[in-house]
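What follows is a report on the chains shown below, written to be read alongside the sequence and the model.

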Amino acid sequence: MTLLVDVRDLSIEFATARGAVHALNRVSLEVAKGRIIGIVGESGSGKSTLALALSRLLPANARIAAGDIVFDGVALGTQPERVLAALRGARIATVFQDPMTALNPLFTIGTHLGDVIRRRRPALAAGEVRARAIAMLTRVGIPDAARRLRQHPHEFSGGMRQRILIAMALLAEPDLLVADEPTTALDVTIERQIVDLFRTLKNDFAGSIVFVSHSLGTVAELCDEVVVMYAGTVVEQGPVARVFGRPCHPYTQALIRCETEEPGTGRRLRSIPGEVPDLVTPPPGCPFAPRCAEATPTCRQAPPPWRPQADGGAAACVLA
Amino acid sequence: MTAAIVPVADGVAAKVWASATGRIGVVLVALVLAMAVLAPLIAPANPNAIDVSNRFAEPGLAAPMGTDHLGRDLLSRVLHGAQIAMVVALAVIALSLTIGTALGIAAAYAPARTERLFLIVFDVISSFPSLVLALAMVAILGPSLGNVISIVSITFIPHFGRVARAQVLTLKTAPFLEASRAIGVSRLRLVLVHIVPNIMGPLVVLASMDVPVVITIEASLSFLGVGVRPPLASWGTLLYDGYSYLTQSFWPVLFAGLALSVATLGFTLFGEALRDAVDPKQRQVP
Amino acid sequence: MTPPFLAVDRARIAYGALVAVHDVSLSVARGETAGLVGESGSGKSSLGKALACLIELAGGTIRLEGTDLRTLAAADRLALRRRVQMMFQDPVSSLSPRLKVRSLLAEPIRVHGLPFVGSWRRIEALMARLGLAPDLLDKYPHQLSGGQARRVAIVRALILNPALVVCDEPTAGLDVSVQGELLNLMRDLQAEHALTYFIISHNLTVIRRVTDRVAVMYLGEIVESGPTDALFAAPAHPYTAALIAATPTIDPTRRRAQIVLPGEIPSPRDPPSGCRFHPRCLHAQARCRHEPPAPRTIGDGRTVACHFPLG
């Protein structure tokens, strides 16, 4: 299995009025070709920062403090902007969270899709471009595609717009598709449609997919592997069945318990006490230690060891 | 989301002082205000004391800015001119801001037809260049300090009214207004306690950037002879007098013009620094 | 027979030509936690606001403890505010940005003319109960964390000692790991202050965990209602079944049979004929296109509006 993306010890900081926010802290991640990796985490976990880093769309106040991302053998940290711009939209495509704002209201869908196709295959004739656009729209489940090519974004609903974004990402024929919470802004039944769409598309898609979500269930249904993030670090990763079936890290265990319990009305609900640490001054040692029921004094002082597991993946915990 | 609507007011003063242009603006504004307030105390002579034997004196110890065509001390006249400029500017701004805001809020909450009426009135008033309108009204009503203030205020009311209305319309859907109504807050209290403080930001910035405009309008009116009347002397009057006798002495025009420029520049720089400091955009970590 | 604590009868809410709530009837018993679940365009938020008397009904009635809310005189409306309070979706933006927390908490006292000293003691007790440090009183809403703002909003709502609290998406924006804490707190407060909750949410997991009874809304109408456990165990309306099946689950053995609804949620401006759900319903038949189903009881406090209910 060859590696498409190799994130090595990546640390990213944001400059804010309050000081430097350590959004990512020595994150390592491997995405093999043809695999679907899910990245789950809650607020402050750094999962969105990681998604932006992969697409090289970090905001101006972000700084790569350490580490790097190696994309198909090329280290991205030292590359000039024009090389990165050439990668974006061609070899790395992104589906964003908010379908409302990701499309330009002035242009028709045909223009949006056409731009993507022409960038990827400049030599195509106009008729062929149109044919591909129609084919992809139909494939993502938009009926009457030929007519809808002439419409503008505001004439589509949220779910439809998300399908258009997915179509645009696929038309770029990328090696890596980064989906940053693509279903979060959608209604429940529409979310189910999009998840189902991803399920049918992934089998035909030759590249790798990184699917960022706060929903463990969605990742469990769609992905091969999962990476669990907390406060800017990776706490556990591995095959989906292993991580969700036999979680090794206390945070993963607690999170799964919170999501899957069915106490019936009347019993007290589970939660993880405390709050995510302040990322301006992250605590020494394991970031989850202040909230961990099983923390030892060592946990609070020294960074946790990375313990590979026999049945796949690894966890960053003394107890793993 | 409310953060994007309501500008953050923390540290505005510090931000204004931190920028170079802001600092210059603050200093000049302070200078002009000091001149206006202290004029009666620090003026070396009575600004209206005529001494025909001392016409067109060069600047010197007795008269640091020289004298005009009637031998009146220019420094004293410039200082009192500052007083006129400030009184008119601040009175006009205060009046038009208050009335304009009140009308703007009323327009935002009024039923559609009434609101359209408000907007038509605003549009009619603001479609006249303010100077032309002021000229016309002063010609009808006669020049005096009170009239100048009232008339110029009227021309600025639509300015604030429209901005106030736009602000209220953005705010109308804000959850905190609904939450306040859910507590039982009355309409009046809602406007005074919850709406007005949250729309003042842009209005205050607008007001500070309008001060130089008002100063210039007042000076223009006085220059054209339809502003304040003697014994009051505004910079505009000084400019007119100085211009009439320019061949005999350029000092009056120089000093009056300088004073006007310093005041206009100072308030403009201050207003711009204020606008930049009250920035509604907030940076968030993604 | 004593009237139910809260009774909504054929309520209709319209914004101009757009009918957000078409014909909704439901009742809530004192002390229970009622839920209202639905997606965009269902009208659930509008109904919630009507219950809190923030918008007017265009038809139908809402009766609280037997009193019709539409017939209240102005003075009584103020008193009504002390019976019904609302918790808003985004706590930070529900607090007036230029007022300090102290003024925000003092406002209900001032508006209702409550005794100052006694009320402040109550506020201090509530703040302590909710774990809010006294130094928060001098902060502005934008200086509070989301959790703190939420608790300040709760204190503000409880100062007036309401009987009914309408909660609009109480867990919106909250991570799963902290939702439990909030919901447990709300349950404790319910017991301590004898509250009745009306919880509006699109999140079925939350609804299932905390409500006693639930009503499901689609495009301005209630399609099904009943005791929560029974409804989730065996939904009668196809839409309810689809909603329940739509939630992704981790455990592959517990994944229900996939129900993927076709099409989009129609706009309330242009609802389908007959049964409003028929264009997306996998069991629709000719009758569904022409005849709107009337709600009928299917035993055990459950109602469903469907010509061909499941099961």
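Which residue is the bridge partner of Arg296(C) in E12(C)? In this predicted model, the partner of Arg296(C) is Val304(C). The bridge belongs to the pairing of E11(C) with strand E12 (residues 303-304) of chain C, which runs in the antiparallel sense over two bridges.

These strands are part of an open sheet of eight strands in chain C, arranged in the order E6-E7-E8-E3-E9-E10-E12-E11 with mixed pairing. Strand E6 (84-87) and strand E11 (296-297) of chain C stand at the edges, and because each has a single partner strand, one side of each is left without a neighbour in the sheet. Strands of a sheet pair through backbone hydrogen bonds, in either a parallel or an antiparallel manner. Helix H9 (residues 238-246) of chain C lies across strand E9 (213-218) and strand E10 (221-227) of chain C, and runs at about 105° to E9(C).

| Domain of chain C | Residues |
|---|---|
| domain 1 | 6-83 + 162-304 |
| domain 2 | 96-161 |

The C-alpha centres of domain 1 and domain 2 of chain C lie 29 Å apart, and the contact between them involves seven residues of domain 1 and six residues of domain 2. On the side of domain 1 of chain C that touches domain 2, the residues divide into three nonpolar, two polar and two charged.

Chain C also meets chain A, where 34 residues of chain A are in contact with 30 residues of chain C. The elements of chain A that give two or more residues to this side are helix H6 (158-171), helix H7 (188-204), helix H8 (216-222) and helix H10 (250-260), and the largest share, seven residues, comes from H7(A). By class, the side of chain A that touches chain C has 13 nonpolar, twelve polar and nine charged residues.

Chain B has eleven helices and zero strands, so that its elements, read from the N terminus on, run α-α-α-α-α-α-α-α-α-α-α. Its C-alpha trace spans about 75 × 45 × 30 Å along the principal axes, and of the 286 residues of chain B, 42% count as buried. Among contacts in chain B between residues at least 6 apart in sequence, those that join residues at least 24 apart make up 72%.

Methods:
Residues numbered from 1 in each chain as written. Chains lettered and ligands numbered in written order. Predicted model: local features only at pLDDT ≥ 70, side-chain atom pairs only at ≥ 80, totals over all residues. Contact = placed C-beta atoms within 7 Å. Helix = DSSP H or I, 4+ residues; strand = E, 2+ residues; numbered from the N terminus. Nonpolar A, V, L, I, M, F, W, Y, C, P; charged D, E, K, R; others polar. Domains from an automatic or database assignment. Buried ≥ 20, exposed ≤ 12 C-beta atoms within 10 Å, placed from the backbone. Pairing = 2+ DSSP bridges. Axes fitted to C-alpha atoms, helices over the stretch in contact; angles between N-to-C directions.
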